[in-house]
Amino acid sequence: MNIEVKNQIAIIKEPGLLIADGGSAMDLLAAVRYETGCSAMILFQEQLDEAFFRLSTGLAGEVLQKFVNYHMRLGIVGDFTGYTSKPLQDFIWESNKGRQVCFQPTEAQALAWLEKE
């Protein structure tokens, strides 16, 4: 798997990776822990199935619960302005105020957020 590590944060650079269910999230979590020992990672918007961004599908909850359960902080990098769903925008805003998951427009911003803790 193509993983770059910066300041104990795993940045997933794997082309073609797609998190489409809880099982694929668990596979990724296990691989990152085993290969890097990191407790934080960065994923990119295109690495998450589009259903992740439709909260009614439950995919975001299923995937993010895996990250919480296995104590892996997560930064998600992308342009989220195209999503007009108020619940999703509220979820992104609330997540960015917390300590577990952030949604940032750039890799550098996600790194900075994850390095704060």
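Q8 is exposed, with a relative accessible area of 54%. Exposed means over 50% relative accessible area, buried means under 20%, and partly exposed lies in between (1.4 Å probe, protein chains only). This is a predicted model, in which local features need pLDDT of at least 70, side-chain atom pairs count only at pLDDT 80 or more, and totals for chains, interfaces and linings use all residues. Residues are numbered from 1 along each chain as its sequence is written, and side-chain values use heavy atoms, with hydrogens and water left out.

Stay with Q8 for a moment. Q8 sits in the loop between β1 and β2. Helices (H or I, at least four residues) and strands (E, at least two) are DSSP runs, numbered from the N terminus. The phi of Q8 is near 65°, a positive value in a residue other than glycine. Most residues other than glycine have a negative phi. H71 also has a positive phi, of about 50°, although H71 is not a glycine. H71 lies in the loop between α2 and β4 (73–77). H71 is exposed, with a relative accessible area of 61%.

Now turn to helix α1. α1 has 15 residues and reaches 21 Å from its first C-alpha to its last. That is close to the 21 Å expected at 1.5 Å a residue. The expected span is 1.5 Å times one less than the number of residues. The buried residues of α1 are G22, S24, A25, L28, L29, A31 and V32. They pack against β1 (3–6), β2 (9–12), β3 (40–44) and α2.

Take S24, which is in helix α1. S24 touches L18 and I19, not counting residues up to four places away in sequence. Contact means heavy atoms within 4.5 Å. S24 and V63 are 39 residues apart in sequence, and 8.7 Å apart in space, C-alpha to C-alpha.

How do the two helices meet? Two packed helices are described by the angle between their axes and the distance between the axes. Helix α1 (residues 22–36) and helix α2 (residues 59–69) pack at an angle of about 30°, with their axes 8 Å apart. That makes α1 roughly parallel to α2, a term for angles under 35 degrees. Axes are lines fitted to C-alpha atoms, for helices over the stretch in contact, and angles run from 0 to 180 degrees between N-to-C directions. G22, A25, M26 and L29 in α1 meet E62, V63, K66 and F67 in α2. The residues of this contact divide into 5 nonpolar, 1 polar and 2 charged. Ala, Val, Leu, Ile, Met, Phe, Trp, Tyr, Cys and Pro count as nonpolar, Asp, Glu, Lys and Arg as charged, and the others, Gly among them, as polar.

Technical notes
Angles under 35 degrees count as roughly parallel, over 145 as roughly antiparallel, 65 to 115 as roughly perpendicular and the rest as oblique.
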